[in-house]
Amino acid sequence: MKIDWASLGSVFGVSLVITVALVALFTLGIMGLSHRERAAAQGDSATLAVTGAYACFAACAAAVAYGISLIVA
């Protein structure tokens, strides 16, 4: 059995980049929701922050669903 180390390294690199991107996207969603909490405490509106947070969470869910579909297929 011969292991193709270049392909294995490529898969590792792509997995690492996608993982970091998903964590960053989820963090942006959490920051948007925390901005909503601060705005509510001050009596302001944070509609754009909430919309952005929901968009980040939807993108995370779509990426996870796509990954699961790649595994199942």
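Guide: Let's start with a cut-off: buried means under 20% relative accessible area, exposed over 50%, and partly exposed in between (1.4 Å probe, protein chains only). By that scale Phe57, at 22% relative accessibility, counts as partly exposed. Phe26 is partly exposed too, with a relative accessible area of 43%.

Visitor: What kind of model is this, and how are residues numbered?

Guide: It's a predicted model: local features need pLDDT of at least 70, side-chain atom pairs count only at pLDDT 80 or more, and totals for chains, interfaces and linings use all residues. Residues are numbered from 1 along each chain as its sequence is written, and side-chain values use heavy atoms, with hydrogens and water left out.

Visitor: How many helices and strands does the chain have?

Guide: Helices (H or I, at least four residues) and strands (E, at least two) are DSSP runs, numbered from the N terminus. Here there are two helices and zero strands. The C-alpha atoms fill a box of roughly 65 × 20 × 10 Å along the principal axes. Of the 73 residues, 12% count as buried.

Visitor: Which residues form the aromatic pair?

Guide: Rings of Phe, Tyr and Trp (its six-membered ring) pair if their centres lie within 6.5 Å; planes under 30 degrees apart are stacked, over 60 edge-to-face, and the rest tilted. A search of the whole structure finds one such pair. Phe26 and Phe57 make it, tilted, at 5.2 Å centre to centre with 55 degrees between the planes. This pair links distant parts of the chain: Phe26 sits in helix α1 and Phe57 in helix α2 (residues 47-72), 31 residues apart.
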